[in-house]
Amino acid sequence: MTAAAGYDDVVVTAPVTVPYQRYSTKGAHWFLGRAVAGLLDASGLPKSGIDGLCVSSFSLGPDSAVGLTQHLDVSLRWLDHIPMGGASGIVALRRAARAVQAGDASVVACIAGDANRVDSFRESTARFSLFSQDAVYPYGAGGPNVSFAFLTAYYMRTYGATAEDFGKLCVAQRSNALHYPHALFTTPLTLDAYLASRMIADPIRLFDCVMPCAGAEGFLVMRRAEAERLGLPYARLLGAIERHNPFPDDPIQYRGGWVLDRDALYAQAGVGPRDIDVLQTYDDYPVINIMQFEDLGFCDKGEGPGFVRRNSFEVGGSFPFNTCGGQLSVGQAGAAGGFLGIVEGLRQVTGATLGAQVDGARHALVSGFGMINYDRGLCSGAAILGAA
Amino acid sequence: MTGGVRRKNPILKTRQPTLPPALRSRVALGMTAGAAVGRLDLQQCEQCGTVQYPAREVCRSCLSGQLVWRPQDGLGTLLSETVSRASMELYFRERLPWRVGLVQLAAGPTVVAYVHAACAAAPADVRVEVALDRAGQAVLVAMPLDAAVTLAEDPRLHDMTCDPTHRKILVTDGKSEVGQAMVRAFAAAGASQVWVGHAEPWKQPPGFAALAELPQVTLVPLDVTDGQSVTELAGVIGGKVDIVVNTADHHRTYGIAGRRGVETAQAEMEVNYLGLLRLAQAFGPALRGRAADGDAGAVAWVNILSIFALANFPPHGTYSAAQAAALSLAQCLRAEMRPAGIRVVNVFPGPVDEPWNQLVLPPKIAPKGLADAVVKALKATVEDVYPDPVARDWLERWRADPKTLERELMAASPSSAG
Ligand SMILES: [Zn+2]
């Protein structure tokens, strides 16, 4: 397999967050529309300055990205729709970067957002996928909590992770979130409170679960020259990978697709795990964080629990991680959860954080994971953003 | 007769039945066909043999479009499990928590399954069985390897069964040999109350007097050919019956040429088809209304049909036609009872060892064997019962090709066609 070409002078800029709400009567079009408005505001571009759009949303139906173009009255020469949940941000970034690099578009707005009405999470879970509808949801309708409980219990049994390990990550993320203005959780979390939280699907506790909410995230992809012309702080896209359905013969998931592609990622970026100043993982359940520490090469498979015990994960810690609080503390605004890490990583390497800043952050690794189609997350991806 | 109508407390809101999620893709319904008779079927590729799960349109391995449902032994390893203490569906919320797990089948796929309380903690060897849940859909259950453990022993999974223990049962005709055997079987199975319908009180067949001595038994007047009789009984006990077992049967042994007029055929239709319709109209709403009463709720409706319902057996031609009509109506009843979670169990015996089958060669199923099969079916989760070798032989031939069976039956006895 030949190595993928690099991304040249493609840059990422204009991180935008449409503030999260636990429940909202507004539709996905509202949140996505406000994200585009935020991008225009942040960049100073007129609507006509955007000629590409990449959309991720679970609740946009029956519309697709096409419907959104008329809803927002934008004329485009490039359009994509990425229905990949927690991996959608990374995949959107990859698609947009190649479009800009090849000249198919000059400025691509990547947006993700979802509505959250009172019953919408149940509805979207019941019909999340054909396999899920046929072979998961009828067994107790526990949703992702149950699917991740299987993986978590298996990981704990196999590699010796403990509730305290997961709790340490949750506590650190909450500590980071206390500085971030859009986090839905605004009070400190102690390890004791974590351990005392009620079981939802053993060994998954309440504080292992993200809170579904409404909101949106967005960023712009363009050439460096364009960003400089607009006077926008930007991050370079040093490398990016994605993988789908990586290990179909694993009877249960204990590793993600990153294992197959991380060498290519670091080679493309010209940096290694030691050069990463800040890590943003997809944190829909703490076990997936530990899996990403391992599979992205920060430690070996099975050493995740030891890695957690050796490090501290606050913004000022030995391994700054999920620095805005991640979905566990900010909330999961549907597909926007797959964009949260990119937007926060971009803010970190451009020195424009809304919360706590990691000193001298030059390289951010952002990782995505998504789509429990049946018994495992199928999509994985990662990108390395470099300071200008 | 037991006392009058039990009146509901008007202040208490009647509980509405809730059901597990019933939505399935069309291809996934293939598993339900096996589950209806208690058999675990999974898709297997005709080209490469790969076992598939969840159900697919094409083979996951070779992409062939030829997937067929084949019986599986279900042996596997419980890889991981959880106790789900929260649910998005009311049915589960009313019954939390649930033990569910991931099982890797020796045949290949990993399946999500309910985990029986008697299973050891993961990792453990298990045997995956299929069951019909209260929505009538097939679900997988990981059972311990010990074959003696039953679904009903797990309190959560018990809800999928229609276990007659401690239930109140109406046997619509208790005078026939089948009816009497059925009453005895339910009494032995621990039913708390068996109402025994009897038409023509002046007739006292052998054994019937002794039946009335059983402590659980109450004789009730019931003539399924008489709408008023059916309605009156439903008015008295309809609000209490948990399981209706329709044993009413009128069986004569004529084809078309052997009999002038339509009186015999009419009588068969009056009992076997219209009798079921009258019962369903009178008792169906009452059962549906009590489906949510928990362990004491209405759960099932059993129709004792005949394997002749599948294809006409010419020596019993008009009877076969009445059975075919009854089967068709029973399918309608099943559809109408399903939203309440009431299981309609259709039983298709081959020739029963009773007077009207005197001239039929053995093997014939004894009334007691038939009754025991019904109790067993209710303790499990099946909805179609073929209780004897002749019935299963017919079924196999009918499934293989109904037309071939029709030709075979043109010159045949039921046990030795062809
Ligand atoms: Zn195949």
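Let's start at L206(A), which touches S197(A), R198(A) and I200(A), leaving out residues up to four places away in sequence. Contact here means heavy atoms within 4.5 Å. Before going on, some ground rules. This is a predicted model, where local features need pLDDT of at least 70, side-chain atom pairs count only at pLDDT 80 or more, and totals for chains, interfaces and linings use all residues. Residues are numbered from 1 along each chain as its sequence is written, chains are lettered from A and ligands numbered from 1 in the order in which they are written, and side-chain values use heavy atoms, with hydrogens and water left out.

Back to L206(A). It sits in the loop between β6 (204-205) and β7 (214-223) of chain A. Strands are DSSP runs (E, at least two residues), helices are runs of H or I of at least four, and both are numbered from the N terminus. The cut-offs: buried is under 20%, exposed is over 50%, partly exposed is in between, with a 1.4 Å probe and protein chains only.

Next, S57(A). This residue is in the loop between β2 (52-56) and α2 (65-71) of chain A. At 10% relative accessibility, S57(A) is buried. Its side chain makes a polar contact with the side chain of D114(A), at 3.1 Å. A polar contact is a pair of N or O atoms within 3.5 Å; within protein, one must be able to donate a hydrogen and the other to accept it, and residues adjacent in sequence count only if both atoms are side-chain atoms. The backbone oxygen of G113(A) also lies 2.8 Å from a polar atom of the S57(A) side chain.

Now helix α3 (residues 88-102) of chain A. Eleven of its 15 residues are buried, so α3(A) is largely enclosed by the rest of the structure. Among them are I90(A), V91(A) and L93(A). After α3(A) comes G103(A), with a positive phi near 85 degrees.

Last, chain B and the zinc ion. Which residues are its protein donors? They are C45(B), C48(B), C59(B) and C62(B), each through SG, lying 2.3 Å from the zinc ion. Donors are N, O and S atoms within 2.8 Å of the metal (3.2 Å for Na, K and Ca); water is not among the atoms, so sites may look incomplete. The spacing in sequence is C-x2-C-x10-C-x2-C. C45(B) is buried, at 5% relative accessible area, whereas C62(B) is partly exposed, at 35%.
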